[in-house]
Amino acid sequence: MDNAKQAKKKYQNEVKRAKSAHWRTFLENAKKNDVWTAHQFTKKRLVSTVPGGHNYPSAAALNLAIMQHFFPQNPNPVDMEPPKYIELEEKDTVDASEVAQALRKCSNTSAPGPDQVPYGVWKGIHSVNRHIIPALINHMLTWSIDLPALKDSLGILLPKPSKGDYDAFASYRVIALMQTFSKIAERIINQPLIKFAKASRLYSIRQSGSLPQRATFDAGISLNHWVQEAQAAGLKASTMFLDIKGGFDNVDHGTLLRRLRSKDTPEYMTRWISNFIAYR
C-alpha cells in the first residue's frame with residue numbers, strides 16, 4: 001500500500017515538473033501573439049458561465065428572462081416607413097471605391113452573423129464584379145429601406161472578468177454578430193452622414209469618439225492639458241467619469257428623427273435611418 005502511494009506521489013511530481021518545464025519553454029520561445037495564449041492559461045476558470053444559474057424552471061423561461069434583461073422593449077418605438085423612391089444625386093450614390101475602402105477595414109477572421117457569410121465572400125464578389133455591391137446599397141438608399149432580414153443577429157453572452165456572482169445577468173455582456181452585408185452597408189452609409197452632421201453641427205464640438213480624426217485618445221490629451229493648465233494657475237483639479245449604461249440603446253427614436261429633420265437632413269437619409277432603427 002505504501003509503495004502504491006509513493007509511486008502515485010512520484011508520478012504526480014513528475015507530471016508537475018514536466019508541466020513547469022513546458023511552461024517555461026513556451027514563455028522563453030513565445031512570439032508576439034502568444035502573449036494572449038499565455039493570458040488565457042493564467043486566467044481563473046469560472047465555475048459556471050450560465051446567467052441565472054438554476055433559478056428558472058425551464059430553458060424557455062431562462063431565455064425569456066435573458067431577452068428581457070439584455071434586450072428590453074423600446075418604450076417609444078418608431079414604425080417602419082413605407083418604401084418611397086427618391087432619385088439620388090450623383091454625389092450621394094455609392095461607387096466601387098467606397099465599397100473597396102469599407103471592405104479593407106473588414107477582417108476575414110471576424111465571426112459572421114446568422115447568414116454565416118464571412119467578409120471574405122463579399123471581398124471575393126467585389127473583386128470579380130465591382131458593380132454588384134454598390135448597386136445593392138444604392139437600391140437601399142434610393143428606396144430608403146433597410147431590409148428586416150439584415151437586422152437578424154446572433155447575441156453571444158460573455159462573462160465579465162472578476163465578478164463575484166456569475167448567476168447574475170449583470171456579470172455578463174452581449175456581443176452581437178450581425179449580417180456582414182449589413183455591417184458593410186452601415187459602414188459606407190455612415191460616411192456621408194458624418195460629413196453632413198459635421199456641416200450641420202448635429203454633434204457637440206467636444207465629442208471625441210466615433211468621429212474621423214477625433215479619437216478618445218484626443219479626449220485624454222485634452223483632459224491632461226486642462227489639468228496642467230489649472231495646476232499652473234495654482235488651482236486644484238478633480239475629474240468625475242460617468243459610465244452611462246445603455247446610452248445608445250435608450251435614445252428616443254422619435255426625438256432623433258425630429259432632430260435630423262430639423263437640420264434639413266436629406267430625406268432619403270432620414271427615411272433610411274428611420275427604417276434602420278425600426279424593430280431593432
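Glutamine 116 is exposed, with a relative accessible area of 52%. Exposed means over 50% relative accessible area, buried under 20%, and partly exposed in between, with a 1.4 Å probe and protein chains only. Glutamine 116 sits in the loop between α4 and α5. Its phi is positive, about 60°, although the residue is not a glycine.

Aspartate 264 is exposed too, at a relative accessible area of 63%. Its loop joins α9 and α10. Helices (H or I, at least four residues) and strands (E, at least two) are DSSP runs, numbered from the N terminus.

## Basis of the model

This is a predicted model: local features need pLDDT of at least 70, side-chain atom pairs count only at pLDDT 80 or more, and totals for chains, interfaces and linings use all residues. Residues are numbered from 1 along each chain as its sequence is written, and side-chain values use heavy atoms, leaving out hydrogens and water.

## Nonpolar cores

A nonpolar core is a set of buried Ala, Val, Leu, Ile, Met, Phe, Trp, Tyr and Cys residues joined through side-chain atoms within 4.5 Å. The largest has 32 residues. Ile133, Ile137, Leu141, Phe181, Ile184, Ile188 and Trp272 have the most contacts inside it. Helices α4, α5, α6, α7, α9 (253–262) and α10 (267–277) each supply at least two residues of this core. The most come from α7, with seven. Another core, of seven residues, lies apart from it; Leu62, Ala65, Phe70 and Tyr166 are among them.

## Helix α4

In α4 (residues 96–104), Ala96, Val99, Ala100, Ala102 and Leu103 are buried. Seen down the axis, the buried residues fall within an arc of 165°, so they line one face of the helix. The arc is taken from the directions from the helix axis to the C-beta atoms. Their cover includes α5 (119–128), α6 (132–142) and α7 (180–199).

## α7 against α10

The axes of α7 and α10 come within 12 Å and cross at roughly 140°. That makes α7 oblique to α10. Angles under 35 degrees count as roughly parallel, over 145 as roughly antiparallel, 65 to 115 as roughly perpendicular, and the rest as oblique. Glu186, Ile189, Pro192 and Leu193 in α7 meet Met269, Trp272, Ile273 and Phe276 in α10. Contact means heavy atoms within 4.5 Å.

## Aspartate 146

Aspartate 146 is buried, with a relative accessible area of 2%. Its place is the loop between α6 and β1 (153–159).

Methods:
Axes fitted to C-alpha atoms, helices over the stretch in contact; angles between N-to-C directions.
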